[in-house]
Amino acid sequence: MKKRRNTQKQELVLEILANASHTMSAETILEAMPIKINKTTIYRILERFTESGKVHFVTGDDGRAYYALCKQCSSEHDLHNHIHFQCKYCNQIACLPYTINVPELENYEVQETQFLLIGKCKECI
């Protein structure tokens, strides 16, 4: 397997996610980039980070993927089983520190989980 080196663009994506208070879409990450970068490059970086366990994502009610840095995950994790909350008013999606126990299902192999609650956040109440 080819070893990939850290590029300035990858480091900037990690920095943007590390400083974010909520999940971010690829488009929002692109807007926050201090250098010119192609949207396809952002998606490739996010895909690589997701595969390596540095980043996880949840699909919002708009069908977009929203990314967050894995702060309490190791690269050994199999599932992201914590809850995400999307506000219907400000549209921000937050990772919440509550986990869901994923049952083992006979004759099924769970490879991904996404738990999204939708409502009104504390800022919009």
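User: Which cysteine sulfur is closest to the sulfur of Cys124, and how far away is it?
Analyst: This is a predicted model. The closest cysteine sulfur to that of Cys124 belongs to Cys87, and the pair is too far apart for a bond. A disulfide needs the two sulfur atoms within 2.5 Å. The partner is Cys87, at 3.7 Å.

User: How many disulfides does the structure hold?
Analyst: A disulfide is a covalent bond between the sulfur atoms of two cysteines. The sulfurs of Cys124 and Cys87 are too far apart for one. The count for the structure is 0.

User: Is Cys70 buried or exposed?
Analyst: The cut-off for buried is under 20% relative accessible area. Cys70 has 12%, so Cys70 is buried.

User: What is the order of elements from the N terminus on?
Analyst: The secondary structure comes to 3 helices and 6 strands. Written from the N terminus on, the elements run α-β-α-α-β-β-β-β-β.

User: What is the strand order in the sheet that holds S4?
Analyst: That sheet is open, has 3 strands and shows mixed pairing. Its edge strands are S5 and S6 (115–119), each pairing on one side only. Neighbouring strands are turned by 30 degrees against each other on average, direction ignored. The order is S5-S4-S6.

User: How many bridges join S4 to S5, and how many pair S4 with S6?
Analyst: S4 (residues 82–87) and S5 (residues 93–99) run antiparallel. His82 stands opposite Thr99 in S5, and Gln86 stands opposite Ile93. S4 and S6 pair in the parallel sense, with Ile83 opposite Phe115. The counts are 4 bridges for S4 and S5, and 5 bridges for S4 and S6.

User: Which residue in the hairpin of S4 and S5 takes a positive phi?
Analyst: The hairpin has 5 residues between its strands. The phi in question is near 65 degrees, and the residue is Asn91.

User: How many residues of S4 are buried?
Analyst: S4 is largely enclosed by the rest of the structure. One of its residues is Gln86, which is buried at a relative accessible area of 2%. The count for S4 is 6 of the 6 residues.

User: Which backbone nitrogen lies 2.9 Å from a polar atom of the side chain of Gln86?
Analyst: Gln86 is found in strand S4. Leaving out residues up to four places away in sequence, Gln86 touches several residues, including Gly60, Asp61, Asn91, Leu116 and Ile118. At 2.9 Å from a polar atom of the Gln86 side chain lies the backbone nitrogen of Asp61.

User: What is the strand order in the sheet that holds S1?
Analyst: This sheet is open, with 3 strands and antiparallel pairing. S1 and S2 are its edge strands, each pairing on one side only. S2 and S3 are joined by 5 bridges, and Val55 stands opposite Leu69 in S3. The order is S1-S3-S2.

User: At about what angle does H1 run to S3?
Analyst: H1 lies across S1, S2 and S3. Strands S1 (24–25), S2 (55–59) and S3 (65–69) are among what covers its buried residues, as are helices H2 (26–32) and H3 (39–52). H1 runs to S3 at about 90 degrees.

User: Which residues of H1 are buried?
Analyst: An α-helix has 3.6 residues a turn, so residues three or four places apart point the same way. H1 spans residues 8–18. Its buried residues are Gln10, Leu12, Val13, Leu14, Ile16 and Leu17.

User: Of contacts between residues at least 6 apart in sequence, what share joins residues at least 24 apart?
Analyst: Contact here means heavy atoms within 4.5 Å. Among these contacts in the protein, the share joining residues at least 24 apart is 55%.

Key
Residues numbered from 1 in each chain as written. Predicted model: local features only at pLDDT ≥ 70, side-chain atom pairs only at ≥ 80, totals over all residues. Heavy atoms only, no water. Pairing = 2+ DSSP bridges. Helix = DSSP H or I, 4+ residues; strand = E, 2+ residues; numbered from the N terminus. Axes fitted to C-alpha atoms, helices over the stretch in contact; angles between N-to-C directions. Buried < 20%, exposed > 50% of the residue type's maximum accessible area, 1.4 Å probe, protein only. Polar contact = N/O pair within 3.5 Å; in protein donor to acceptor, adjacent residues only side chain to side chain.
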